[in-house]
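Please examine the sequence and the structure shown below. The report that follows describes how selected parts of the two are arranged.

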Amino acid sequence: MSTSDSDVNSKGDYQAIDTTPISLLQTVLEHGRVWEDLAAQYGVTNPDPPWKITLEATCDLLAGDSCVKSYKEVVPGSCALPSLERRADEDDLADTIYEDVPFPERQLMALAHTMIKRGLIEEGELKCRMLQVEQRLNSG
Amino acid sequence: MSDHDHSHKPAPMVDEVSDFEILEMAVRELAIDKGLFSQEDHRVWTEYVHTLGPVPAARLVAKAWLDPEYKKLAAADGVEASKAVGVDWVTSPPTQFGTPSDYCNLRVLEDTPKLKHVVVCSLCSCYPRPILGQSPEWYRTPNYRRRLVRWPRQVLSEFGLQLPPEVEVRVADSNQKTRYIVMPVRPEGTEGWTEDQLTEIVTRDCLIGVAVPKPGITSNAKRPIRKAIHPVQHDHDH
(Lines give C-alpha, C1' and ligand atoms only; values in the text may rest on other atoms or scores of the structure.)
Protein backbone atom coordinates (compact mmCIF):
# COMPACT_ATOMS: atom_id res chain seq x y z
CA MET A 1 0.00 0.00 0.00
CA SER A 2 2.92 2.33 0.36
CA THR A 3 4.57 4.63 -2.08
CA SER A 4 8.04 6.03 -1.78
CA ASP A 5 8.44 9.63 -0.72
CA SER A 6 11.48 9.77 -2.95
CA ASP A 7 9.42 9.23 -6.09
CA VAL A 8 9.66 12.86 -7.14
CA ASN A 9 13.41 12.70 -6.65
CA SER A 10 13.92 9.41 -8.43
CA LYS A 11 13.76 11.18 -11.76
CA GLY A 12 17.07 12.93 -11.87
CA ASP A 13 15.96 16.02 -13.75
CA TYR A 14 13.59 17.37 -11.11
CA GLN A 15 14.76 20.80 -10.06
CA ALA A 16 13.52 22.19 -6.78
CA ILE A 17 11.47 25.36 -7.24
CA ASP A 18 13.17 28.74 -7.00
CA THR A 19 11.50 30.32 -3.97
CA THR A 20 12.73 33.83 -4.67
CA PRO A 21 9.70 36.14 -4.37
CA ILE A 22 8.11 37.42 -7.59
CA SER A 23 7.32 41.11 -7.59
CA LEU A 24 3.89 40.85 -9.22
CA LEU A 25 2.77 38.10 -6.85
CA GLN A 26 4.06 40.00 -3.83
CA THR A 27 1.85 42.88 -4.93
CA VAL A 28 -1.14 40.55 -5.04
CA LEU A 29 -0.30 39.42 -1.52
CA GLU A 30 -0.04 42.99 -0.28
CA HIS A 31 -3.29 44.21 -1.81
CA GLY A 32 -5.40 41.10 -2.27
CA ARG A 33 -8.19 40.35 0.18
CA VAL A 34 -8.42 36.67 1.07
CA TRP A 35 -11.71 34.81 0.95
CA GLU A 36 -12.01 34.25 4.69
CA ASP A 37 -11.96 38.03 5.22
CA LEU A 38 -14.36 38.76 2.37
CA ALA A 39 -16.75 36.02 3.46
CA ALA A 40 -16.78 37.33 7.02
CA GLN A 41 -17.39 40.91 5.90
CA TYR A 42 -20.25 40.05 3.55
CA GLY A 43 -21.77 37.31 5.68
CA VAL A 44 -21.17 34.58 3.09
CA THR A 45 -21.14 31.07 4.49
CA ASN A 46 -19.51 29.24 1.57
CA PRO A 47 -16.12 28.17 2.97
CA ASP A 48 -14.45 28.36 -0.45
CA PRO A 49 -14.23 31.19 -2.98
CA PRO A 50 -16.06 30.60 -6.28
CA TRP A 51 -12.75 30.42 -8.12
CA LYS A 52 -11.49 27.41 -6.16
CA ILE A 53 -13.18 24.93 -8.51
CA THR A 54 -11.78 26.61 -11.62
CA LEU A 55 -8.34 26.68 -10.02
CA GLU A 56 -8.58 22.94 -9.37
CA ALA A 57 -9.59 22.38 -12.97
CA THR A 58 -6.63 24.42 -14.20
CA CYS A 59 -4.26 22.33 -12.09
CA ASP A 60 -5.85 19.12 -13.37
CA LEU A 61 -5.64 20.14 -16.99
CA LEU A 62 -2.04 21.29 -16.74
CA ALA A 63 -1.24 17.87 -15.28
CA GLY A 64 -2.91 15.87 -18.06
CA ASP A 65 -2.77 12.21 -17.06
CA SER A 66 0.32 12.65 -14.88
CA CYS A 67 -1.84 12.55 -11.77
CA VAL A 68 -2.40 8.86 -12.37
CA LYS A 69 1.17 7.95 -13.21
CA SER A 70 4.30 7.48 -11.22
CA TYR A 71 6.63 10.43 -11.74
CA LYS A 72 9.06 8.11 -13.50
CA GLU A 73 6.40 7.20 -16.04
CA VAL A 74 5.54 10.76 -17.03
CA VAL A 75 6.92 11.36 -20.50
CA PRO A 76 8.62 14.76 -20.67
CA GLY A 77 6.46 17.17 -22.62
CA SER A 78 3.34 15.01 -22.32
CA CYS A 79 1.77 17.58 -20.02
CA ALA A 80 2.46 21.19 -19.12
CA LEU A 81 3.03 20.67 -15.42
CA PRO A 82 3.15 17.20 -13.81
CA SER A 83 0.97 16.99 -10.71
CA LEU A 84 3.73 15.69 -8.47
CA GLU A 85 6.05 18.49 -9.49
CA ARG A 86 3.38 21.10 -8.84
CA ARG A 87 2.56 19.64 -5.43
CA ALA A 88 6.23 19.41 -4.43
CA ASP A 89 6.67 23.04 -5.47
CA GLU A 90 3.56 24.00 -3.51
CA ASP A 91 4.94 22.28 -0.41
CA ASP A 92 8.22 24.17 -0.70
CA LEU A 93 6.51 27.50 -1.30
CA ALA A 94 3.99 26.94 1.49
CA ASP A 95 6.91 26.30 3.82
CA THR A 96 8.68 29.48 2.81
CA ILE A 97 7.42 32.63 1.11
CA TYR A 98 3.70 31.78 1.19
CA GLU A 99 3.75 30.40 4.71
CA ASP A 100 1.24 32.89 6.05
CA VAL A 101 -1.17 32.78 3.10
CA PRO A 102 -4.44 30.93 3.82
CA PHE A 103 -5.82 28.16 1.62
CA PRO A 104 -6.85 28.16 -1.24
CA GLU A 105 -5.11 31.49 -1.94
CA ARG A 106 -1.85 29.67 -1.12
CA GLN A 107 -2.52 27.05 -3.79
CA LEU A 108 -3.20 29.79 -6.34
CA MET A 109 -0.06 31.75 -5.44
CA ALA A 110 2.03 28.59 -5.63
CA LEU A 111 0.61 27.68 -9.03
CA ALA A 112 1.27 31.13 -10.48
CA HIS A 113 4.76 31.13 -8.97
CA THR A 114 5.54 27.69 -10.40
CA MET A 115 4.23 28.61 -13.85
CA ILE A 116 6.41 31.73 -13.95
CA LYS A 117 9.55 30.13 -12.56
CA ARG A 118 9.22 27.07 -14.79
CA GLY A 119 8.72 29.23 -17.87
CA LEU A 120 5.11 28.41 -18.73
CA ILE A 121 4.10 32.06 -18.51
CA GLU A 122 5.99 35.31 -18.08
CA GLU A 123 5.55 37.74 -15.24
CA GLY A 124 5.08 40.67 -17.63
CA GLU A 125 2.34 39.05 -19.65
CA LEU A 126 0.60 37.93 -16.48
CA LYS A 127 0.65 41.51 -15.23
CA CYS A 128 -0.88 42.75 -18.50
CA ARG A 129 -3.55 40.06 -18.42
CA MET A 130 -4.43 40.85 -14.83
CA LEU A 131 -5.00 44.47 -15.75
CA GLN A 132 -7.28 43.42 -18.60
CA VAL A 133 -9.22 41.05 -16.36
CA GLU A 134 -9.55 43.67 -13.67
CA GLN A 135 -10.93 46.22 -16.11
CA ARG A 136 -13.37 43.66 -17.47
CA LEU A 137 -14.63 42.53 -14.07
CA ASN A 138 -15.00 46.05 -12.75
CA SER A 139 -16.71 47.45 -15.84
CA GLY A 140 -20.38 48.17 -15.94
CA MET B 1 -43.69 39.48 -16.50
CA SER B 2 -41.91 37.10 -14.23
CA ASP B 3 -43.63 34.74 -11.84
CA HIS B 4 -40.52 34.48 -9.71
CA ASP B 5 -41.00 35.29 -6.07
CA HIS B 6 -38.91 38.37 -5.36
CA SER B 7 -40.15 38.80 -1.82
CA HIS B 8 -37.49 36.57 -0.29
CA LYS B 9 -34.19 37.98 0.86
CA PRO B 10 -31.33 37.08 -1.48
CA ALA B 11 -28.39 35.16 -0.07
CA PRO B 12 -25.49 37.43 0.83
CA MET B 13 -22.80 37.83 -1.81
CA VAL B 14 -19.29 39.19 -1.86
CA ASP B 15 -19.67 42.49 -3.69
CA GLU B 16 -16.09 43.20 -4.67
CA VAL B 17 -13.44 41.69 -6.91
CA SER B 18 -10.32 40.50 -5.13
CA ASP B 19 -6.84 40.43 -6.65
CA PHE B 20 -6.82 36.68 -6.07
CA GLU B 21 -9.91 36.24 -8.24
CA ILE B 22 -8.23 38.34 -10.93
CA LEU B 23 -5.03 36.31 -10.67
CA GLU B 24 -6.87 32.99 -11.00
CA MET B 25 -8.68 34.16 -14.10
CA ALA B 26 -5.55 35.67 -15.67
CA VAL B 27 -3.50 32.50 -15.13
CA ARG B 28 -6.25 30.38 -16.66
CA GLU B 29 -6.71 32.65 -19.69
CA LEU B 30 -2.99 32.77 -20.39
CA ALA B 31 -2.75 28.99 -20.19
CA ILE B 32 -5.58 28.74 -22.72
CA ASP B 33 -3.99 31.34 -25.00
CA LYS B 34 -0.75 29.37 -24.97
CA GLY B 35 -2.53 26.15 -25.86
CA LEU B 36 -1.74 24.37 -22.60
CA PHE B 37 -5.38 23.28 -22.57
CA SER B 38 -8.56 24.41 -24.27
CA GLN B 39 -11.36 26.52 -22.88
CA GLU B 40 -13.83 23.77 -23.70
CA ASP B 41 -11.83 21.15 -21.82
CA HIS B 42 -11.70 23.49 -18.85
CA ARG B 43 -15.43 24.10 -18.95
CA VAL B 44 -16.25 20.41 -19.17
CA TRP B 45 -13.85 19.48 -16.38
CA THR B 46 -15.09 22.27 -14.11
CA GLU B 47 -18.68 21.14 -14.59
CA TYR B 48 -17.65 17.60 -13.71
CA VAL B 49 -15.76 18.68 -10.59
CA HIS B 50 -18.84 20.67 -9.50
CA THR B 51 -20.84 17.46 -9.38
CA LEU B 52 -18.48 15.69 -7.01
CA GLY B 53 -18.94 15.27 -3.28
CA PRO B 54 -18.82 12.69 -0.49
CA VAL B 55 -22.41 11.49 -0.67
CA PRO B 56 -21.84 8.57 -3.10
CA ALA B 57 -19.11 7.14 -0.87
CA ALA B 58 -21.30 7.57 2.20
CA ARG B 59 -24.14 5.80 0.45
CA LEU B 60 -21.83 2.96 -0.57
CA VAL B 61 -21.00 2.39 3.09
CA ALA B 62 -24.64 2.63 4.18
CA LYS B 63 -25.69 0.10 1.53
CA ALA B 64 -22.92 -2.23 2.61
CA TRP B 65 -24.03 -2.02 6.24
CA LEU B 66 -27.52 -3.07 5.18
CA ASP B 67 -26.70 -5.69 2.57
CA PRO B 68 -24.11 -8.38 3.35
CA GLU B 69 -23.79 -9.37 -0.31
CA TYR B 70 -23.14 -5.80 -1.36
CA LYS B 71 -20.62 -5.51 1.45
CA LYS B 72 -18.70 -8.46 0.00
CA LEU B 73 -18.75 -6.81 -3.41
CA ALA B 74 -17.50 -3.50 -1.99
CA ALA B 75 -14.61 -5.21 -0.24
CA ALA B 76 -13.71 -7.24 -3.32
CA ASP B 77 -14.29 -4.71 -6.09
CA GLY B 78 -14.77 -1.08 -5.10
CA VAL B 79 -15.05 0.07 -8.69
CA GLU B 80 -17.94 -2.30 -9.42
CA ALA B 81 -19.65 -1.45 -6.12
CA SER B 82 -19.41 2.25 -6.98
CA LYS B 83 -21.82 1.78 -9.87
CA ALA B 84 -24.67 1.12 -7.43
CA VAL B 85 -24.20 4.64 -6.04
CA GLY B 86 -24.01 6.31 -9.43
CA VAL B 87 -20.24 6.46 -9.91
CA ASP B 88 -18.70 4.74 -12.90
CA TRP B 89 -14.96 5.22 -12.54
CA VAL B 90 -14.49 4.57 -16.24
CA THR B 91 -17.22 6.65 -17.83
CA SER B 92 -18.18 9.30 -15.25
CA PRO B 93 -15.13 11.57 -15.67
CA PRO B 94 -14.83 13.43 -18.97
CA THR B 95 -12.30 11.60 -21.08
CA GLN B 96 -11.53 14.22 -23.68
CA PHE B 97 -8.27 15.01 -21.98
CA GLY B 98 -7.17 11.58 -20.93
CA THR B 99 -8.35 10.18 -17.69
CA PRO B 100 -6.92 6.73 -18.27
CA SER B 101 -8.36 3.51 -16.98
CA ASP B 102 -5.62 2.94 -14.44
CA TYR B 103 -7.19 5.77 -12.44
CA CYS B 104 -9.95 3.30 -11.81
CA ASN B 105 -8.78 1.35 -8.81
CA LEU B 106 -10.80 2.05 -5.69
CA ARG B 107 -10.25 -0.07 -2.61
CA VAL B 108 -12.81 -0.10 0.19
CA LEU B 109 -11.09 -0.78 3.51
CA GLU B 110 -13.35 -2.47 6.01
CA ASP B 111 -12.83 -1.61 9.66
CA THR B 112 -13.55 -4.12 12.40
CA PRO B 113 -13.77 -3.62 16.16
CA LYS B 114 -10.08 -4.56 16.29
CA LEU B 115 -8.84 -2.83 13.14
CA LYS B 116 -9.04 0.85 12.13
CA HIS B 117 -8.01 2.09 8.71
CA VAL B 118 -7.03 5.64 7.87
CA VAL B 119 -6.11 7.08 4.47
CA VAL B 120 -3.33 9.44 3.49
CA CYS B 121 -1.30 10.37 0.46
CA SER B 122 2.18 10.79 1.84
CA LEU B 123 3.54 11.98 -1.48
CA CYS B 124 1.08 14.68 -2.56
CA SER B 125 -2.70 14.61 -2.13
CA CYS B 126 -4.12 11.70 -4.16
CA TYR B 127 -7.76 11.32 -3.20
CA PRO B 128 -10.74 9.34 -4.57
CA ARG B 129 -12.41 12.43 -6.00
CA PRO B 130 -14.96 10.71 -8.26
CA ILE B 131 -16.65 9.25 -5.19
CA LEU B 132 -15.54 11.57 -2.38
CA GLY B 133 -15.21 15.03 -3.94
CA GLN B 134 -12.42 17.49 -3.23
CA SER B 135 -9.96 16.78 -0.45
CA PRO B 136 -10.05 18.96 2.66
CA GLU B 137 -7.22 21.39 3.26
CA TRP B 138 -5.68 19.45 6.14
CA TYR B 139 -5.40 16.34 3.96
CA ARG B 140 -3.05 18.26 1.67
CA THR B 141 -0.75 19.54 4.40
CA PRO B 142 2.74 18.08 4.93
CA ASN B 143 1.92 18.03 8.62
CA TYR B 144 -0.85 15.43 8.19
CA ARG B 145 0.86 13.54 5.38
CA ARG B 146 4.17 13.04 7.07
CA ARG B 147 3.06 12.63 10.66
CA LEU B 148 0.19 10.22 10.04
CA VAL B 149 2.46 7.54 8.64
CA ARG B 150 4.82 7.90 11.59
CA TRP B 151 2.49 8.49 14.50
CA PRO B 152 -1.03 7.53 13.40
CA ARG B 153 -2.48 7.19 16.90
CA GLN B 154 -1.24 10.60 17.91
CA VAL B 155 -2.62 12.24 14.78
CA LEU B 156 -5.97 10.46 15.15
CA SER B 157 -6.18 11.61 18.76
CA GLU B 158 -5.76 15.18 17.51
CA PHE B 159 -8.91 14.59 15.45
CA GLY B 160 -10.62 13.52 18.66
CA LEU B 161 -10.41 9.83 17.86
CA GLN B 162 -8.89 8.01 20.82
CA LEU B 163 -8.30 4.35 20.02
CA PRO B 164 -7.62 1.75 22.69
CA PRO B 165 -4.25 -0.01 22.39
CA GLU B 166 -5.84 -3.31 21.37
CA VAL B 167 -7.17 -1.74 18.16
CA GLU B 168 -4.67 -2.03 15.32
CA VAL B 169 -4.27 1.06 13.16
CA ARG B 170 -3.52 0.53 9.49
CA VAL B 171 -2.52 3.49 7.31
CA ALA B 172 -3.32 3.21 3.61
CA ASP B 173 -1.05 5.34 1.46
CA SER B 174 -2.84 6.45 -1.71
CA ASN B 175 -0.91 6.65 -4.91
CA GLN B 176 -1.31 7.32 -8.60
CA LYS B 177 -2.83 3.91 -9.20
CA THR B 178 -4.97 3.25 -6.16
CA ARG B 179 -7.38 5.32 -4.11
CA TYR B 180 -9.03 4.29 -0.85
CA ILE B 181 -12.10 4.92 1.26
CA VAL B 182 -12.75 3.51 4.72
CA MET B 183 -15.83 1.51 5.60
CA PRO B 184 -16.21 2.14 9.32
CA VAL B 185 -17.97 -0.16 11.75
CA ARG B 186 -21.69 0.53 11.89
CA PRO B 187 -22.31 2.28 15.19
CA GLU B 188 -24.64 1.12 17.91
CA GLY B 189 -27.93 2.94 18.11
CA THR B 190 -28.62 2.72 14.39
CA GLU B 191 -30.67 -0.46 14.42
CA GLY B 192 -33.63 -0.22 12.03
CA TRP B 193 -32.29 2.88 10.29
CA THR B 194 -32.87 3.40 6.59
CA GLU B 195 -30.14 3.75 4.01
CA ASP B 196 -30.75 7.51 3.88
CA GLN B 197 -30.42 7.85 7.64
CA LEU B 198 -27.21 5.86 7.67
CA THR B 199 -25.79 7.80 4.75
CA GLU B 200 -26.15 11.04 6.70
CA ILE B 201 -23.82 9.96 9.51
CA VAL B 202 -21.05 8.67 7.24
CA THR B 203 -19.18 11.93 6.94
CA ARG B 204 -16.21 12.70 4.75
CA ASP B 205 -13.92 12.38 7.78
CA CYS B 206 -15.33 8.92 8.52
CA LEU B 207 -14.56 7.90 4.95
CA ILE B 208 -10.96 9.12 5.25
CA GLY B 209 -10.77 7.32 8.58
CA VAL B 210 -10.05 10.18 10.97
CA ALA B 211 -13.49 9.94 12.55
CA VAL B 212 -16.05 7.25 13.27
CA PRO B 213 -19.77 7.60 12.61
CA LYS B 214 -22.06 8.46 15.50
CA PRO B 215 -25.82 8.89 15.59
CA GLY B 216 -26.61 12.59 15.52
CA ILE B 217 -23.26 13.63 14.00
CA THR B 218 -23.73 14.53 10.34
CA SER B 219 -20.96 17.03 9.68
CA ASN B 220 -17.20 17.14 9.89
CA ALA B 221 -15.59 18.76 12.90
CA LYS B 222 -13.85 22.02 12.08
CA ARG B 223 -10.15 21.50 12.43
CA PRO B 224 -7.48 24.17 12.75
CA ILE B 225 -4.55 23.78 10.40
CA ARG B 226 -1.26 23.56 12.22
CA LYS B 227 2.25 23.60 10.93
CA ALA B 228 4.83 21.07 11.98
CA ILE B 229 6.96 22.40 14.82
CA HIS B 230 9.95 20.56 13.45
CA PRO B 231 9.12 20.20 9.77
CA VAL B 232 10.57 17.23 7.98
CA GLN B 233 12.75 18.20 5.04
CA HIS B 234 11.45 17.21 1.64
CA ASP B 235 13.36 14.30 0.21
CA HIS B 236 14.03 16.13 -3.02
CA ASP B 237 15.99 18.72 -1.05
CA HIS B 238 18.49 16.13 0.06
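This is a predicted model: local features need pLDDT of at least 70, side-chain atom pairs count only at pLDDT 80 or more; totals for chains, interfaces and linings use all residues.

## The crossing of α5 and α6 in chain A

The crossing of α5(A) and α6(A) is right-handed. Helix α5 of chain A covers residues 83-95, and helix α6 of chain A covers residues 105-117. Their axes lie 9 Å apart, and the helices pack at an angle of about 115°. This angle makes α5(A) roughly perpendicular to α6(A).

Which residues of α5(A) meet α6(A)? They are Arg86(A), Asp89(A), Glu90(A), Leu93(A) and Ala94(A). Sorted by class, the contact of α5(A) with α6(A) has 4 nonpolar, 3 polar and 4 charged residues.

## A cis peptide bond in the connecting loop

The loop between α5 and α6 of chain A contains Pro104(A). The peptide bond that leads from Phe103(A) to Pro104(A) is cis, and its omega is near 5°. In general, most peptide bonds are trans.

## Chain A as a whole

Chain A has 7 helices and 0 strands. Read from the N terminus on, its elements run α-α-α-α-α-α-α. Of its 140 residues, 43% count as buried. Among the contacts in chain A between residues at least 6 apart in sequence, 59% join residues at least 24 apart.

Arg33(A) is located in the loop between α2 (23-31) and α3 (35-42) of chain A. Is Arg33(A) buried or partly exposed? Arg33(A) counts as partly exposed because it has 16 C-beta neighbours inside 10 Å, whereas a buried residue needs 20 or more. Setting aside neighbours within four places in sequence, Arg33(A) is in contact with Leu38(A) and Ser18(B). Along the chain, Arg33(A) and Glu105(A) are 72 residues apart, and their C-alpha atoms are separated by 9.6 Å.

## Helix α1 of chain B against chain A

Helix α1 of chain B, residues 19-33, packs with helix α4 of chain A, residues 51-63. The angle is about 30° and the axes are 10 Å apart. This makes α4(A) roughly parallel to α1(B). The crossing of the pair is left-handed. In α4(A), the residues Trp51(A), Thr54(A), Leu55(A), Thr58(A) and Leu62(A) meet Glu21(B), Glu24(B), Val27(B), Arg28(B) and Ala31(B) in α1(B). By class, this contact has 5 nonpolar, 2 polar and 3 charged residues.

The axes of α6(A) and α1(B) come within 10 Å and cross at roughly 40°. That angle makes α6(A) oblique to α1(B), and the crossing is left-handed. Here Glu105(A), Leu108(A), Leu111(A), Ala112(A) and Met115(A) meet Phe20(B), Leu23(B), Glu24(B) and Val27(B). The contact of α6(A) with α1(B) has 7 nonpolar, no polar and 2 charged residues.

Chain B has 11 helices and 4 strands. Buried residues make up 38% of its 238 residues. Of the contacts in chain B with a separation of 6 or more, 72% are between residues 24 or more positions apart.

In soluble globular proteins, nonpolar side chains tend to be buried together. The largest nonpolar core in this model has 45 residues. Which of its members touch the most other members? They are Ala57(B), Val61(B), Val118(B), Ile181(B), Val182(B), Val202(B) and Leu207(B). Helix α3 of chain B, residues 55-66, gives the most to this core, with 7 residues. Another core, of 35 residues, lies apart from the largest one and includes Leu111(A), Ala112(A), Val133(A) and Phe20(B). Leaving aside neighbours within four places in sequence, the contacts of Val182(B) include Leu109(B), Asp111(B), His117(B), Val118(B) and Leu207(B).

## A partly exposed isoleucine

Ile217(B) is found in the segment after α11 (204-208) of chain B. Ile217(B) counts as partly exposed because it has 16 C-beta neighbours inside 10 Å. In sequence, Ile217(B) and Val118(B) are 99 residues apart, and in space they are 19 Å apart, C-alpha to C-alpha.

Technical notes: Residues are numbered from 1 along each chain as its sequence is written. Chains are lettered from A and ligands numbered from 1 in the order in which they are written. A nonpolar core is a set of buried Ala, Val, Leu, Ile, Met, Phe, Trp, Tyr and Cys residues joined through C-beta atoms within 7 Å. A residue is buried if 20 or more other C-beta atoms lie within 10 Å of its own, exposed if 12 or fewer, and partly exposed in between; C-beta atoms are placed from the backbone. Helices (H or I, at least four residues) and strands (E, at least two) are DSSP runs, numbered from the N terminus. Two residues are in contact if their C-beta atoms, placed from the backbone, lie within 7 Å. Axes are lines fitted to C-alpha atoms, for helices over the stretch in contact, and angles run from 0 to 180 degrees between N-to-C directions. Angles under 35 degrees count as roughly parallel, over 145 as roughly antiparallel, 65 to 115 as roughly perpendicular and the rest as oblique. A crossing is left-handed if the near helix is turned anticlockwise from the far one by less than a right angle, and right-handed if clockwise. Ala, Val, Leu, Ile, Met, Phe, Trp, Tyr, Cys and Pro count as nonpolar, Asp, Glu, Lys and Arg as charged, and the others, Gly among them, as polar.
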